[in-house]
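Q: Please take a close look at one part of this structure for someone new to it. Then set that part in the context of the chain.

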Amino acid sequence: MAQKVAVLGAGKIGEALLSGVIRAGWAPADLLVTTRRQERADELRSRHGVTAVTNAEAAKTADTLILTVKPQDMGTLLDELAPHVPADRLVISGAAGIPTSFFEERLTAGTPVVRVMTNTPALVDEAMSVISAGTHATADHLAHAEEIFGAVGKTLRVPESQQDACTALSGSGPAYFFYLVEAMTDAGILLGLPRDKALDLIVQSAIGAATMLRDSGEHPVRLRENVTSPAGTTINAIRELENHGVRAALIAALEAARDRSRELASGTKD
């Protein structure tokens with residue numbers, strides 16, 4: 001890889017990206033990082049062989065800037081970067097809720113911006129990363145973002161108008177599954193199983209079910225029906241889920257997450 005890429009605010013997701021692209025064959029010498037703490041910079045340098053720089057140095061040196069700081073810190077970071085970012089830099093934002101227009105208004109006119117919502121399974125190379133182009137981003141810019149985030153999972157292009165919905169569905173999605181596994185584990189304990197065995201049963205069932213969804217091509221309703229025998233155990237469990245409004249609760253939860261993403265966006269407007 002000839003281009004230099006800088007990850008600004010290299011936390012867990014930023015480090016997962018670094019690790020993923022290195023495994024994909026990118027040279028550590030072409031990867032830059034910025035961090036708040038010197039200890040964190042030293043850790044990343046020792047672990048991955050990347051170069052730690054300041055935010056200003058990253059803006060001047062790297063061809064692609066990946067901004068992974070928290071949404072509430074993005075304005076301050078852009079104020080620091082703006083004097084040093086020429087219009088030919090590709091800026092990739094990983095901040096929930098912040099539109100590409102927020103960056104375009106604060107950076108040099110014509111700067112290409114790509115918005116990406118990834119999720120924590122990037123840590124195990126199973127991320128779902130949703131990618132949208134800003135006003136000045138080209139197909140080549142989108143392809144470059146896909147190359148980077150494809151190193152840690154799957155990518156999907158969507159119009160930016162769908163980003164808040166994707167944030168609710170896949171950005172926050174792993175938390176919903178962890179929550180469900182937690183509840184099912186408690187149920188297993190209530191039914192008399194040791195915690196470790198209950199967890200093993202549920203995790204493997206989740207992996208198997210996800211693999212079937214991905215690989216079979218079957219609709220989830222059909223897969224569920226295949227497990228649901230007349231008057232059997234599964235239909236009794238499904239009836240209780242419906243009686244307790246689990247489907248409606250999930251829909252309401254995702255709507256709440258989408259609305260919060262929109263609130264984050266509105267909070268960035270002047």
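A: UniProt, in an unreviewed entry, places the feature "domain: Pyrroline-5-carboxylate reductase dimerisation" at residues 160–264. The model shown here is predicted. In it, residues 160–264 are 83% helix and 0% strand. The end C-alpha atoms of that span lie 15 Å apart.

Ala-231 lies between α10 (220–227) and α11 (233–243). Its phi is positive, about 60 degrees, although Ala-231 is not a glycine. Most residues other than glycine have a negative phi. Ala-231 counts as exposed because its relative accessibility is 77%, and the cut-off for exposed is over 50%.

Asp-125 is not a glycine either, and its phi is positive, near 60 degrees. Its relative accessibility is 29%, so Asp-125 counts as partly exposed.

Helix α1 covers residues 12–23, twelve residues in all. At 1.5 Å a residue, α1 should span 16 Å.

Which residues of α1 are buried? They are Gly-14, Glu-15, Ala-16, Leu-17, Leu-18, Ser-19, Gly-20 and Val-21. Strands β1 (5–8), β2 (31–34) and β4 (64–67) are among the cover. Helices α2 (38–48) and α6 (139–149) are also included.

Now step back to the whole chain. Its secondary structure comes to twelve helices and eight strands. The C-alpha atoms fill a box of roughly 70 × 40 × 35 Å along the principal axes. The chain has 270 residues, and buried residues make up 37% of them.

Among contacts with a separation of 6 or more, 63% join residues 24 or more positions apart.

The surface comes next. The protein chain exposes about 14,900 Å². Carbon and sulfur atoms supply 57% of that area. As for charge, the chain has 26 positive and 33 negative side chains. The centres of these two sets lie 2 Å apart.

Technical notes. Residues are numbered from 1 along each chain as its sequence is written. This is a predicted model: local features need pLDDT of at least 70, side-chain atom pairs count only at pLDDT 80 or more; totals for chains, interfaces and linings use all residues. Side-chain values use heavy atoms; hydrogens and water are left out. Helices (H or I, at least four residues) and strands (E, at least two) are DSSP runs, numbered from the N terminus. The expected span of a helix is 1.5 Å times one less than its number of residues. Buried means under 20% relative accessible area, exposed over 50%, partly exposed in between (1.4 Å probe, protein chains only). Contact means heavy atoms within 4.5 Å. Accessible areas come from the Shrake-Rupley method with a 1.4 Å probe; for residues, only the protein chains shown count as cover. Lys and Arg count as positive and Asp and Glu as negative; His and the chain ends are not counted. The place of a charge is taken as NZ of Lys, CZ of Arg, CG of Asp or CD of Glu. UniProt positions are given in the numbering used here, feature names are shortened, and annotations may be inferred rather than shown by experiment.
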